[in-house]
Amino acid sequence: MTQTALPSATTGRRLRPSRAASFLIVGLLLAVLLVFFVLPVIWLLLAPSKTAGEVVRDNPFSFGSFQQIAIAWQHLFDFQDGAMVKWLRNSAVYAGGSLVLTLLVSVPAGYALALTKFRGRKTLLTVTLVTMIMPQATLVLPIFLELNRFHLIGTIWSVILPFSFYPFGVYLVYIYFGSSLPRDLLSAARIDGCTEWQLFTRIALPLAKPVVGLVAFFSFVGNWNNFFLPYLVLPSSDQFPVQVGLNQLLSSTPAFNPVAGAGLNITIPELSLAILVAILPVLVLFLFSQRTLVSGMLAGATKE
């Protein structure tokens, strides 16, 4: 009995150093995440409460005053006669308009690829997958040339139409309808005389609300944060979305552009506040749609 217990105790002693090493590795990873992700966010939240000089001199994680936040807010929204409001409105129009077109195209396309048989279906699905994994920057030049050919550069459609092209949304809907939609239910509806359009609108679409919400969220967030395409196709500041407007604010900040005019009142606090205002709509949308997002992510987890 004693001989049997000794190896067990020895094994237990051998496990302790490896467990300590694993805890050490986890602690180091958490420390790295804290330094590179959490601390910059805290600094960003506190920067608008201080003056530009206090941002440089004072403790980076100290709070200034609510009065300074109000001053930074006023300077930000006075920039170019309220350009920030125009940029936010433009972003809402571009992201919202393209979202409507995305849902009108992606949901029926995913349903057709999943539940109907037609010539070229596999080829179309392959093209969708290949396009989905391509970096967006690779498509900007051909899209620009195509928009220029149809004289759409500088118009609202030069942003909304490319934003509406969302193959990832088609693939998500295809996965859902292909794995989670009960075939027996569709067969029973066909026996009752339902057409394909009635099957889609009265049966498939109501059951697909979670995945439709997921596609809508990803599409809206991606379009709201898109910078490169609007930067290329929109020549006027009045047409900029907020992401391109932030670039203009950055170039008007003396700390980043020494030749910027000092009378613009755009410094580091105003720039930090602009970043917070730009991400606020996405944050609010995320907070109010968490249940839908979780339901959408789990929608294709079960099969018949």
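Arg190 and Glu196 form a salt bridge whose closest N and O atoms lie 3.1 Å apart; the term means a side-chain nitrogen of Lys or Arg within 4 Å of a carboxyl oxygen of Asp or Glu. This is a predicted model, where local features need pLDDT of at least 70, side-chain atom pairs count only at pLDDT 80 or more, and totals for chains, interfaces and linings use all residues. Residues are numbered from 1 along each chain as its sequence is written, and side-chain values use heavy atoms, leaving out hydrogens and water.

**Salt bridges**

- Searching the whole structure turns up 2 salt bridges.
- Arg190 is partly exposed at 36% relative accessible area (buried is under 20%, exposed over 50%, partly exposed in between, with a 1.4 Å probe and protein chains only).
- Lys86 pairs with Asp238, with 3.5 Å between the closest N and O atoms.
- That pair links distant parts of the chain, 152 residues apart: Lys86 sits in helix H4, and Asp238 in the loop between helix H12 (228–233) and helix H13 (242–251).
- Lys86 has a relative accessible area of 25%, and Asp238 has 47%.

**Helix packing**

- Helices H4 (residues 83–115) and H7 (residues 157–164) pack at about 45°, their axes 8 Å apart; helices here are DSSP runs (H or I, at least four residues), and axes are lines fitted to C-alpha atoms over the stretch in contact, with angles from 0 to 180 degrees between N-to-C directions.
- In H4, the residues meeting H7 include Tyr94 and Leu101, while Phe163 is among those in H7 (contact means heavy atoms within 4.5 Å).

Conventions. Helix = DSSP H or I, 4+ residues; strand = E, 2+ residues; numbered from the N terminus.
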